[in-house]
Amino acid sequence: MIGAGPAGLMLAHLLTRAGIETVMIERHSRSYVENRIRAGILEHEVAALLRETGVGARMDEVGFRHDGTNILFDGVLHRLDFASLGKHVMLYSQHEVVRDLIAARLVAGGEILFEAEVTAIENFNGSEPRVCFTHHGETRELDCEIIAACDGFHGIGRASLPANLVREYDREYPFGWLGILAEAPPSLDELIYANHDRGFALLSMRSSSVSRLYLQCPLDTDLAEWPDSRIWDELSIRLAHPGFSLNTGAIFQKNITPMRSYVAEPMQSGRLFLAGDAAHIVPPTGAKGLNAAVADAVILARAIIAQFLDDNPETLRCYTETCLARIWKIERFSWLMTSLLHRFDNHSAFDRRIQRAELDYYVNTPTGGTALIENYVGLPIGAVP
Ligand code: RFL
Ligand code: PHB
């Protein structure tokens with residue numbers, strides 16, 4: 001496994017449970033990956049997977065179960081009730097999931113080579129694939145049967161695939177998100193996704209005393225021009241609706257995230273397999289990045305187990321096909337949420353009316369509502385390996 005993010009850690013966790021030996025190589029330090037603030041929402045089946053494989057206890061203790069979410073437009077809040085499909089999501093930070101998976105690996109006697117960087121992947125189309133890496137200033141080599149590149153969007157795994165094999169599909173959005181973490185109790189016990197004439201806003205949270213909020217912003221936004229008071233004023237305007245008041249507090253982190261959709265096909269060549277952000281990314285509007293990475297890990301673990309323990313190579317051969325059938329639906333949903341909720345400066349008055357009609361359809365008709373909920377809580381991943 002190259003990379004100790006959610007994809008690599010979950011893959012290693014599932015293979016270890018099945019008795020398959022794994023080696024994990026991670027460029028950064030343990031404390032860096034355990035404190036990297038990213039995603040926050042776990043789909044129903046991803047949360048169930050953590051519980052079923054023995055790494056869900058802390059999530060259930062300190063995470064929040066959400067049985068619905070809210071979409072705000074034209075000043076009216078619309079609640080989508082997940083319980084109508086018997087589902088929920090968990091609000092639990094990605095870095096906490098990473099901590100739990102690292103702890104489980106160490107307890108199981110496994111190792112993670114931190115501050116070790118893969119510099120080359122060789123011979124993956126032959127019978128003896130090799131990974132070259134540096135660790136504590138030394139150059140080392142590792143012969144392996146399978147190489148899983150779980151090394152994120154800028155990793156060496158995808159870059160090592162033969163250029164004439166890979167087809168890329170890409171969309172960059174003409175805006176970003178200005179995200180903050182603040183010492184402020186959540187203003188509501190569920191999320192609010194707000195479509196406003198001034199741009200999108202999202203109300204989320206990390207704990208009973210910390211709020212996570214986002215504002216759509218131009219890509220060239222200079223954080224220096226966004227003092228705390230301006231951020232709170234803008235959030236108050238975009239999230240306003242009857243009976244709501246925004247809790248404010250000291251902002252202790254500000255960042256800007258660009259928005260992009262991307263898929264590389266295929267996700268494998270010979271004995272090299274890509275999982276997670278290494279193969280695809282989504283804009284965060286659908287809360288899918290982490291969930292998609294974990295689902296790839298489950299599909300890859302099932303296929304590796306089928307090949308090595310059940311002598312059935314077919315599932316591994318079909319890895320790309322199995323993943324992409326899910327991934328393109330996730331790409332579609334993330335694109336849909338982004339299209340529905342943001343302000344597009346090139347939109348005509350006609351486009352804006354269509355956007356409103358679409359929002360109205362998704363929140364106010366049973367079919368539209370069910371479609372949105374079904375995707376938000378997560379498409380099926382299948383049996384836990
Ligand atoms: P990760 O988590 O990027 O992990 C890849 C790991 O590989 C290591 N690595 C290497 N190690 C050794 N040798 C090399 N040559 C290596 N090259 C790379 C890296 O150090 C890293 O530890 O990928 P993974 O596992 O696929 O997980 C994907 C998720 O992390 C990602 O989809 C989400 O976090 C995306 N994302 C968000 N998703 C959401 O659903 N909601 C969010 O609010 C949200 N916020 C975010 C995000 C991603 C961000 N990034 C990537 C810039 C906010 C940010 C800032
Ligand atoms: C977050 O809490 O960071 C979060 C939640 C939902 C999203 C994106 C980010 O869609």
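The model is predicted, so to speak of local features a pLDDT of at least 70 is needed, side-chain atom pairs count only at pLDDT 80 or more, and totals for chains, interfaces and linings use all residues. Residues are numbered from 1 along each chain as its sequence is written, chains are lettered from A and ligands numbered from 1 in the order in which they are written, and side-chain values use heavy atoms, with hydrogens and water left out.

Around ligand 1 there are 28 residues, and those that come nearest are Ala 7, Glu 26, Arg 36, Gln 94 and Asp 277, where a residue is near a molecule if one of its heavy atoms lies within 4 Å of it. By class, this shell has 13 nonpolar residues (Ala, Val, Leu, Ile, Met, Phe, Trp, Tyr, Cys and Pro), 8 charged ones (Asp, Glu, Lys and Arg) and 7 polar ones (the others, Gly among them).

An N or O atom in the side chain of Glu 26 is 2.6 Å from an oxygen atom of ligand 1, while a backbone N or O atom of Arg 27 lies 3.0 Å from a nitrogen atom of the ligand; a polar contact is a pair of N or O atoms within 3.5 Å. Taken alone, ligand 1 exposes 1,000 Å², of which the protein buries 85%, by the Shrake-Rupley method with a 1.4 Å probe.

Elsewhere, the axes (lines fitted to C-alpha atoms over the stretch in contact) of helix 10, residues 319-341, and helix 12, residues 366-377, come within 11 Å and cross at roughly 120 degrees, helices being DSSP runs of H or I with at least four residues, numbered from the N terminus. Angles run from 0 to 180 degrees between N-to-C directions, and those under 35 degrees count as roughly parallel, over 145 as roughly antiparallel, 65 to 115 as roughly perpendicular and the rest as oblique; helix 10 and helix 12 are therefore oblique to each other.

Technical notes: A polar contact is a pair of N or O atoms within 3.5 Å; within protein, one must be able to donate a hydrogen and the other to accept it, and residues adjacent in sequence count only if both atoms are side-chain atoms. Helices (H or I, at least four residues) and strands (E, at least two) are DSSP runs, numbered from the N terminus.
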